[in-house]
Amino acid sequence: MASRAVLCCGWRLCSFLLFLTISTAAQTTTSTPAPTPPADTGTSTDFFVMPGSDFDRPGLVPRANLNIGIGHTFGFLHKDPIGDELTFTYTYENAGTHGFFHTNFGSHTEALGVMKNFNLPKTKALTGYTWIQAGLTSFTGNAHVENRFYDGEALGLAIHFNDHNGIWIQESYNKIPTVPWYTTTGIGYTWSW
């Protein structure tokens with residue numbers, strides 16, 4: 001029940017971010033163009049798909065970690081030390097003892113987050129980011145679904161091919177009560193508009 005409430009809240013956030021992006025784009029196309037528009041408005045929306053692997057089981061056995069989400073960067077938050085991009089993600093993790101992609105035991109996490117993007121010296125093709133997330137994890141495969149609080153911190157590198165396409169590479173530290181902390185390595189595609 002709580003997982004459904006978090007998912008509904010996340011979908012509302014995604015809908016709001018999508019509406020905000022579309023309405024901003026509609027305003028810029030219907031309004032009179034400025035004689036010299038700024039080179040960078042400081043806002044964008046990112047859609048990302050990030051498959052990765054967990055190394056949290058005994059013996060460091062790799063397991064699937066599949067992450068999909070959306071985020072929106074707000075220009076007025078660029079000087080905020082915590083972050084300038086608000087995100088919503090859904091993550092599936094295989095928690096079984098065998099198989100990489102799926103077993104009966106898994107965790108499903110819906111999380112809200114804040115990401116801080118920062119430039120790296122002497123390059124425009126690479127940027128770094130930190131990402132703090134909090135949400136709800138639901139463990140499946142037992143007699144009943146167990147819901148737990150999720151906390152994740154990540155450090156990553158974004159490789160920009162152009163204004164709309166890029167690759168994110170990140171290392172995450174994850175903590176769920178009643179589960180030992182674990183790390184996740186991920187690489188994924190991002191489409192920005």
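Analyst: Strand 4 (residues 106-119) and strand 5 (residues 126-140) run antiparallel and are joined by 14 bridges, where strands are DSSP runs of E of at least two residues, numbered from the N terminus, and two strands pair if DSSP finds at least two bridges between them. Within this pairing, Asn-119 stands opposite Thr-127 in strand 5. This is a predicted model, in which local features need pLDDT of at least 70 and side-chain atom pairs count only at pLDDT 80 or more, while totals for chains, interfaces and linings use all residues. Residues are numbered from 1 along each chain as its sequence is written, and side-chain values use heavy atoms, with hydrogens and water left out.

The pair belongs to a barrel that eight strands close in the order 1-2-3-4-5-6-7-8, with antiparallel pairing. From one strand to the next, the twist averages 25 degrees, taken between N-to-C directions of lines fitted to C-alpha atoms, on a scale from 0 to 180 degrees.

Elsewhere, a search of the whole structure finds one salt bridge, meaning a side-chain nitrogen of Lys or Arg within 4 Å of a carboxyl oxygen of Asp or Glu. The side chains of Arg-148 and Glu-146 form that contact, at 3.5 Å from N to O. Arg-148 counts as partly exposed because its relative accessibility is 25%, and Glu-146 counts as partly exposed at 23%; buried means under 20% relative accessible area, exposed over 50%, and partly exposed in between, with a 1.4 Å probe and protein chains only. Of the 193 residues of the protein, 38% count as buried.

Definitions and conventions:
Helices (H or I, at least four residues) and strands (E, at least two) are DSSP runs, numbered from the N terminus.
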